[in-house]
Amino acid sequence: MDSLNEQFGQIYDQYIDKIYRFVYLKVNSQEIAEDITSKVFIRGWEAFQNPKEEIKNPGAFLYQIARNAVVDHYREKGRTNVISADASPEIADPGTDAQDKAVLSADINIIKKGIQKLEKEHQDIIIWHYLEDMPIANIAKLLDKPAGTVRVMLHRGLKDLKDIIQEA
Amino acid sequence: MAKITQKQIIESLNQLKEIKPRNEWAVLLKSQILAPSTKILVRIEKKQVELEAPIKQVKSAGIMDVLSFIFAPKKLAYSFAAVLFLIVGVFGFARYTVPGDLLFPVKKIAEQSQATLTGQTGLKQDVATLSSRINDLSQVAKEGKTNNIPSAISEVSANVKDLAQNLKNNPAQDQQTIKEIANSLKTLADVPGTDLSQNSYVQDLSQMVVQREIADLQKTTLTDDQKNVLTEAQDLYSQGKYQDALVQILLISK
């Protein structure tokens with residue numbers, strides 16, 4: 001049991017920032033990001049303790065829970081990502097110092113909102129690849145798509161993001 | 001926005017790496033998730049409750065805010081909250097235990113405390129406790145928890161003994177209480193696979209209850225059928241078949 005605690009503690013330390021950031025960029029609210037991230041790690045911990053669950057890749061597993069949790073959040077609230085981004089023209093929360101630094105620049109803020117207007121899968125791929133430095137091959141595994149498809153989606157996502165930003 | 005290159009976008013995306021969760025929230029979440037006996041989560045509110053905040057605002061704040069408001073050092077507030085949640089969790093869980101379970105004594109303490117708080121003392125408390133213990137026994141028998149049956153029977157037996165003693169010491173009881181005891185004894189007799197009819201305490205209590213019920217019914221106006229059933233109950237009583245007599249009496253009461 002202690003060993004399980006220790007193992008999950010390490011996974012937690014490794015992924016808490018990544019999962020929070022992933023969720024935050026999708027919901028644009030510190031409060032909601034904290035709630036959803038909490039749920040992600042609770043579900044992760046429950047699965048981790050379950051001997052029937054075989055978790056080969058904890059990161060992929062947590063991201064998958066996070067994706068579903070965000071979808072559930074928008075389904076429950078009857079909102080879409082696009083509406084959420086439009087409804088919050090300013091930064092939703094003052095956030096932490098680090099967060100403040102990240103969003104101080106107006107350009108960064110525009111990019112953040114641009115990400116929220118992207119298609120869901122494009123969002124995921126851009127966040128994973130450019131923010132989390134995840135290789136294309138890993139993203140392909142995570143999405144269960146060929147690497148070539150992911151590469152094309154990444155390219156399209158970036159182009160869409162550029163268009164969105166330039167229209168802003 | 002003016003023209004922007006993909007390279008600039010990628011550079012800007014890199015800056016978003018600075019987005020991180022609040023450290024105290026992350027630490028608290030980790031400790032809560034990995035805590036051995038509680039899964040209760042508390043989200044730390046970003047804004048602290050200010051001293052001059054109106055009462056309404058304090059009420060709507062998170063529990064951690066309120067505790068932080070009371071206990072200035074946050075660590076103390078978190079420890080207090082953890083202990084509080086642990087106690088609530090244990091008592092909450094104990095409600096669903098049955099005799100023989102580890103937390104059953106906690107359930108008994110909770111019941112006693114509740115009885116004291118609601119002013120339910122003496123014989124009335126014994127009656128309520130007996131009813132709970134019979135429910136426990138019934139649940140144990142229904143769910144086939146064979147390991148718990150001896151403990152459940154022992155609990156019922158001990159409560160019946162207390163109640164019988166209490167009734168002996170305080171014979172002047174209202175008829176409603178006697179009826180409640182009679183119903184409990186009937187429920188006990190109906191619990192499948194746990195025949196306590198020969199238990200001396202159950203016999204004693206049944207005798208007292210039947211005696212009082214017969215005395216009460218004799219003062220009541222009865223139909224011919226009811227009179228016949230009462231006679232039958234009296235016969236059974238004189239033969240020492242108190243539980244059978246009780247069944248007959250309950251038939252009249254219906």
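**View 1. Overall make-up of chain A.** Chain A contains 9 helices and 0 strands. Read from the N terminus, its elements follow the order α-α-α-α-α-α-α-α-α. Of the 168 residues in chain A, 38% are buried. Among contacts in chain A with a separation of 6 or more, 64% join residues 24 or more positions apart.

**View 2. Confidence along chain A.** Chain A has a mean pLDDT of 81, with 82% of its residues at 70 or more. Within chain A, helix α2 (residues 30–49) has the highest confidence, at 92, and helix α4 (residues 81–87) the lowest, at a mean of 41. The pLDDT is below 50 over residues 80–96 of chain A, a stretch for which the model has 26 contacts beyond near neighbours in sequence. Residues 99–104 of chain A also stay under 50 in pLDDT, and the model gives them 14 contacts beyond four places in sequence. Where pLDDT is low, predicted coordinates should not be read in detail.

**View 3. The nonpolar core around Ile19(A).** The largest nonpolar core comprises 43 residues, and Ile19(A), Val23(A), Ala66(A) and Ile126(A) have the most contacts inside it. Helix α1 (residues 2–27) of chain A supplies the largest share of this core, 10 residues. Leaving aside residues up to four places away in sequence, Ile19(A) touches Thr37(A), Val40(A), Leu62(A) and Ala66(A). A second, separate core has 31 residues, including Val140(B), Ile153(B), Leu230(B) and Ile252(B).

**View 4. The loop at Asp133(A).** Asp133(A) sits in the loop that joins α7 (120–131) and α8 (136–143) of chain A. Asp133(A) is not a glycine, yet its phi is positive, at about 55°. Asp133(A) counts as exposed because 10 other C-beta atoms lie within 10 Å, and the cut-off for exposed is 12 or fewer.

**View 5. The loop at Asp144(A).** Asp144(A) belongs to the loop between α8 and α9 (147–167) of chain A. Asp144(A) has a positive phi of about 55° although it is not a glycine. There are 6 C-beta neighbours inside 10 Å of Asp144(A), so this residue is exposed.

View 6. Buried residues in α9(A) are Val150(A), Met153(A), Gly157(A), Leu158(A), Leu161(A) and Ile165(A). Viewed down the axis of α9(A), the buried residues fall within an arc of 135°, so they line one face of the helix. The face turned away from the buried side of α9(A) carries Gly148(A), Thr149(A), Val152(A), Asp163(A) and Glu167(A), which are exposed.

**View 7. The side of chain B that touches chain A.** In chain B, 26 residues are in contact with 37 residues of chain A. On the side of chain B that touches chain A, the elements giving two or more residues are α1 (6–15) and α2 (23–34) of chain B. The most residues on this side, 7, come from α1(B). By type, the residues of the side of chain B that touches chain A are 14 nonpolar, 4 polar and 8 charged.

**View 8. Val90(B) and its contacts.** Val90(B) is part of helix α5 (residues 74–94) of chain B. Because Val90(B) has 14 C-beta neighbours inside 10 Å, it counts as partly exposed. Not counting residues up to four places away in sequence, Val90(B) touches Leu103(B) and Val106(B). Val90(B) and Val106(B) are 16 residues apart along the chain, and their C-alpha atoms are separated by 8.0 Å.

**View 9. Helix α6 of chain B and the residue Gly119(B).** Helix α6 of chain B covers residues 104–117. At 1.5 Å a residue, the 14 residues of α6(B) should span 20 Å, and the end C-alpha atoms are 20 Å apart, so the two values agree. Just after α6(B), Gly119(B) has a positive phi of about 75°.

Terms used. Residues numbered from 1 in each chain as written. Chains lettered and ligands numbered in written order. Predicted model: local features only at pLDDT ≥ 70, side-chain atom pairs only at ≥ 80, totals over all residues. Helix = DSSP H or I, 4+ residues; strand = E, 2+ residues; numbered from the N terminus. Expected span 1.5 Å × (residues − 1). Contact = placed C-beta atoms within 7 Å. Nonpolar A, V, L, I, M, F, W, Y, C, P; charged D, E, K, R; others polar. pLDDT = per-residue confidence, 0-100. Buried ≥ 20, exposed ≤ 12 C-beta atoms within 10 Å, placed from the backbone. Core = buried A, V, L, I, M, F, W, Y, C linked by C-beta atoms within 7 Å. Arc of directions from axis to C-beta.
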